[in-house]
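Please open the model in your viewer and keep the selection tool at hand. The stops below go from the whole chain to single residues, and each one says what to select and what is there.

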Amino acid sequence: MPPFRVVVAYVVVALIWGSTWGAIKIGVTDVPPFVFAFARAFAVASVLTILALALRQPIPRGRLTLAVATIVGVINIGLTWAIIFWSEQFVPSGLVAVFGSAAPVWTALLAHFMVKGDRLSALKIFGLILGLGGTILLIGAPDAADGTAGLIATGLLALMPITWAIAAILQARFLRTVSPIPTVAVGTWVSALLLAPLALIQLPQGAHWTPASVLAFVWLTLFGTCFAMVVSLWLYRKLRPTTITLIQVIVPAEAILIGTIWLGETVTIRMLGGAALVVAAVALNAISGGGTRPAEELLAANPAAAGK
């Protein structure tokens, strides 16, 4: 059983991420999506850099560590935000979040090949099939998409959990001993550079920063990213990668609830069916057992690894 503070941190991150989907929807309603995404990335990178300097936390060193921090940052922030912020214009926020719930399934699959001791079992394989079925069902939800753009958005959202799984494996293998704040800052600065050209393209459209969009921006910057991303990276020292990605089970339920009550979005039977299959897949993955030991246990068993 993980320590109480780890459980609390895990639940808090899940609840924060669940609320971010509605905030993104509010933001992109008033501000062009790539402009909003770039502004958020720039703000997050600036805040975390100032915190890292103030706390005198070391910037990740070594080519491999810097490369992995960059790749993980681009996947979790630059690429993900570009897809999500753009897709929120055509797909209900609850459905966007549901796609992410397939990440634990893909994490289990990739861990079989990339993480020693984390092997696939018959139960995990069955869960993977259910997860794929749920994703296919979600992609085929005509009521949730908006023409061709909606079809493209759902396709990109279906690929997004695979990239999250790759990022989860990389963090568990290579970033378990780094300082979380400067590490997330490095990836966010690179993501800001990635988003800058897209933001420049949409800049002529004009941005209308209403009080609602400003509040959404502040929440997403300070809590949805600065706090949640740093704590998430810290959790990789305490928990297995598959366990951490199970956060995505809580997120869709909260996002759909917020989208329905607050934003007035509709929930279709097909969406619920696809979500149910994905959740069932994750549940099977959770009870199937296996997995590598948490990073801190690995380091305790092999103290020499900590100095590498």
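What share of the contacts in the protein chain with a separation of 6 or more comes from residues 24 or more positions apart? Such residues account for 92% of those contacts, where contact means heavy atoms within 4.5 Å. The model is predicted, so that local features need pLDDT of at least 70 and side-chain atom pairs count only at pLDDT 80 or more, whereas totals for chains, interfaces and linings use all residues. Residues are numbered from 1 along each chain as its sequence is written, and side-chain values use heavy atoms, with hydrogens and water left out.

**The whole chain**

Begin with a cartoon view of the protein chain, whose secondary structure comes to 13 helices and zero strands; helices (H or I, at least four residues) and strands (E, at least two) are DSSP runs, numbered from the N terminus. Of the 308 residues, 54% count as buried, where buried means under 20% relative accessible area, exposed means over 50%, and partly exposed lies in between (1.4 Å probe, protein chains only).

**The nonpolar patch**

Keep the surface on and select F4, V8, V12, W209, V214, V218, W219, L222, F223 and F227, which make a nonpolar surface patch of about 870 Å². Helix 1 (4–30) and helix 9 (211–235) each supply at least two residues of the nonpolar patch, and helix 9 gives the most, with six residues. W209 is placed in the loop between helix 8 (180–202) and helix 9, and W209 counts as partly exposed because its relative accessibility is 38%.

Now select helix 9 by itself: its 25 residues reach 34 Å from the first C-alpha to the last, close to the 36 Å expected at 1.5 Å a residue, the expected span being 1.5 Å times one less than the number of residues. A kink of about 35° in helix 9 is centred on L220, where the bend at a residue is the angle between axes fitted to the seven residues ending there and the seven starting there.

Which residues does A9 touch, not counting residues up to four places away in sequence? A9 touches V231, W234 and L235 on that count, and the C-alpha atoms of A9 and W234, 225 residues apart along the chain, are separated by 9.5 Å. A9 is buried because its relative accessible area is 13%. Next select R5, also in helix 1, which touches W234 and K238 when residues up to four places away in sequence are not counted; R5 counts as exposed because its relative accessibility is 55%.

Select helix 2 (33–54), whose 22 residues reach 32 Å from the first C-alpha to the last. Its buried residues, among them P33, F34, R40 and L48, pack against helix 1, helix 3, helix 8 and helix 9. Just after helix 2, R56 takes a positive phi of about 55° although R56 is not a glycine. R56 lies in the loop between helix 2 and helix 3 and counts as exposed because its relative accessibility is 78%.

**Helix 3 and the last stop**

Helix 3 (residues 63–87) holds T65, and the helix bends by about 40° at V74. T65 touches P60, L175 and V178, not counting residues up to four places away in sequence, and T65 is buried because its relative accessible area is 17%. Finally, select T177 in the loop between helix 7 (147–174) and helix 8, and draw a C-alpha to C-alpha distance to Y236: the two are 59 residues apart in sequence and 9.3 Å apart in space. T177 counts as partly exposed because its relative accessibility is 41%.

Notes: Patches are made of residues with over 30% relative accessible area and no salt bridge: like charges are joined within 9 Å, nonpolar side chains (Val, Leu, Ile, Met, Phe, Trp, Tyr) within 5 Å. Accessible areas come from the Shrake-Rupley method with a 1.4 Å probe; for residues, only the protein chains shown count as cover. A salt bridge is a side-chain nitrogen of Lys or Arg within 4 Å of a carboxyl oxygen of Asp or Glu.
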